[in-house]
Amino acid sequence: MEHIQIEKKFIEIYDTYSDQVFRYVFLRVKNREDALDLTQYVFTRFFEYIKKKEVEHPKAFLFRQAHNAIANHWRAKKNTLSLDAMTEEGFDVASGEHTKLGVSLDVAQAMAIVSELPDIYQDVLVLHYIEELDIGDIAELKEEHENTISVRLHRAKKMLREIMDKKNYE
């Protein structure tokens with residue numbers, strides 16, 4: 001592919017998916033600066049890759065790169081913060097892009113509930129309901145069977161219901 005075509009393709013894909021990738025990363029790392037850095041890293045990797053080879057499913061490629069970048073980020077940090085600790089440090093979950101989510105629960109409550117789930121279930125919930133990926137796209141991203149993702153999503157919803165029932169949320 002010609003260099004100008006590559007740049008046009010990159011800009012088109014960046015414009016289409018940058019907000020989704022940023023939200024996905026931000027919800028996992030819970031730090032705006034880290035999320036911006038990781039999102040930039042993901043798109044840099046994508047640009048370098050498309051200069052050499054065509055990407056058939058750019059959205060899946062980007063989310064796979066984001067997933068890997070997040071894992072590397074946490075490996076490097078080796079610490080996690082609770083929602084309470086983040087709030088004490090001045091982090092406001094309901095600010096910025098999160099006010100657009102349109103969920104019935106307060107965003108902070110929703111994030112607190114979801115954060116109680118194991119990471120494997122948090123991922124499928126975020127990818128399916130926030131990033132609006134279908135089961136097939138998530139399966140491709142995670143390099144797993146669609147049945148596995150479907151079962152994981154079902155279990156995650158069941159766990160959420162149980163937590164909400166236990167805490168008397170509606």
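**View 1. Phe-10, a buried ring.** Phe-10 has 17% relative accessibility and so counts as buried (under 20% relative accessible area; exposed is over 50%, partly exposed in between; 1.4 Å probe, protein chains only). The model is predicted: local features need pLDDT of at least 70, side-chain atom pairs count only at pLDDT 80 or more, and totals for chains, interfaces and linings use all residues. Residues are numbered from 1 along each chain as its sequence is written, and side-chain values use heavy atoms, leaving out hydrogens and water.

**View 2. The aromatic pair of Phe-10 and Phe-47.** Rings of Phe, Tyr and Trp (its six-membered ring) pair if their centres lie within 6.5 Å; planes under 30 degrees apart are stacked, over 60 edge-to-face, the rest tilted. The count is nine aromatic pairs. Phe-10 and Phe-47 make an edge-to-face pair, with 5.0 Å between centres and 70 degrees between planes. This pair links distant parts of the chain, 37 residues apart: Phe-10 sits in helix α1 (residues 3–29), Phe-47 in helix α2 (residues 32–52). Helices are DSSP runs (H or I, at least four residues), numbered from the N terminus. Phe-47 is buried too, at 18% relative accessible area.

**View 3. The aromatic cluster.** Ring pairs join Phe-10, Tyr-14, Phe-43, Phe-46, Phe-47, Tyr-49 and Phe-61.

**View 4. Asp-123 in helix α6.** Helix α6 spans residues 119–130. Asp-123 is buried, with a relative accessible area of 6%. Beyond its neighbours within four places in sequence, Asp-123 is in contact with Tyr-24, Arg-28, His-67 and Lys-142 (heavy atoms within 4.5 Å).

Conventions. Helices (H or I, at least four residues) and strands (E, at least two) are DSSP runs, numbered from the N terminus.
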